[in-house]
Amino acid sequence: FTSLLNLKKLDLSSNKLTEIKPFLFSNLTSLRTLILSSNQIKTIEINSFFGMTNLRVLYLSENQLKDLKPFTFSHLIYLE
C-alpha cells in the first residue's frame, strides 16, 4: 500500500482474507474508512492497525473472528 498514501477509503470486502498481519496498513495514515466485511478473517494480530491515526470507521461484520487480543484497536484513537 506504499503508493496509496492519500487514500481515504479502502474496501476489501468479499475477499478471502483469513488474517490481518501486523503493520499491514501502517502506510495508510490518511485512511478514514476500512471495510473488511464478508471475508474469512479469524485473526487480527496486535499492531495490525498501527499507524492508522485517522481511521474513523472499521467494518468487520460477517467474518469468523474468534479471539481479539487486548489493545488490538488501541492505536485507533478516532474510531467511531
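Two rings of Phe, Tyr or Trp count as a pair if their centres lie within 6.5 Å. Keep in mind that this is a predicted model. With that cut-off, a search of the whole structure finds three aromatic pairs.

Take Phe23 and Phe50. Their ring centres are 5.5 Å apart and the planes stand at 75°, so this pair is edge-to-face. Phe23 sits in the loop between strand 2 (19-20) and strand 3 (33-35), and Phe50 in the loop between strand 4 (43-44) and strand 5, so the pair ties together parts 27 residues apart in sequence. Are these residues buried or partly exposed? Phe23 is partly exposed, at 42% relative accessible area, and Phe50 is partly exposed too, at 37%.

Next, Phe25 and Phe49. This pair is stacked, with 6.4 Å from centre to centre and 5° between the planes. Phe25 is in the loop between strand 2 and strand 3 and Phe49 in the loop between strand 4 and strand 5, 24 residues apart. Phe25 has 1% relative accessibility and therefore counts as buried; Phe49, at 0%, is buried as well. Together with Phe73, Phe25 and Phe49 form one aromatic cluster.

Now the threonine. Thr72 is found in the segment after strand 5 (57-59) and is buried, with a relative accessible area of 2%. What does Thr72 touch, leaving out residues up to four places away in sequence? The answer is Ile44, Glu45 and Phe49. A polar atom of the Thr72 side chain also lies 2.5 Å from the backbone oxygen of Lys69.

Last, the arginine: Arg56 lies over the face of Tyr78, 4.8 Å from the ring centre.

Terms used. Residues are numbered from 1 along each chain as its sequence is written. This is a predicted model: local features need pLDDT of at least 70, side-chain atom pairs count only at pLDDT 80 or more; totals for chains, interfaces and linings use all residues. Side-chain values use heavy atoms; hydrogens and water are left out. Helices (H or I, at least four residues) and strands (E, at least two) are DSSP runs, numbered from the N terminus. Buried means under 20% relative accessible area, exposed over 50%, partly exposed in between (1.4 Å probe, protein chains only). A polar contact is a pair of N or O atoms within 3.5 Å; within protein, one must be able to donate a hydrogen and the other to accept it, and residues adjacent in sequence count only if both atoms are side-chain atoms. Contact means heavy atoms within 4.5 Å. Rings of Phe, Tyr and Trp (its six-membered ring) pair if their centres lie within 6.5 Å; planes under 30 degrees apart count as stacked, over 60 as edge-to-face and the rest as tilted. A charge sits over a ring if NZ of Lys or CZ of Arg is within 6 Å of the ring centre and within 35 degrees of the ring normal.
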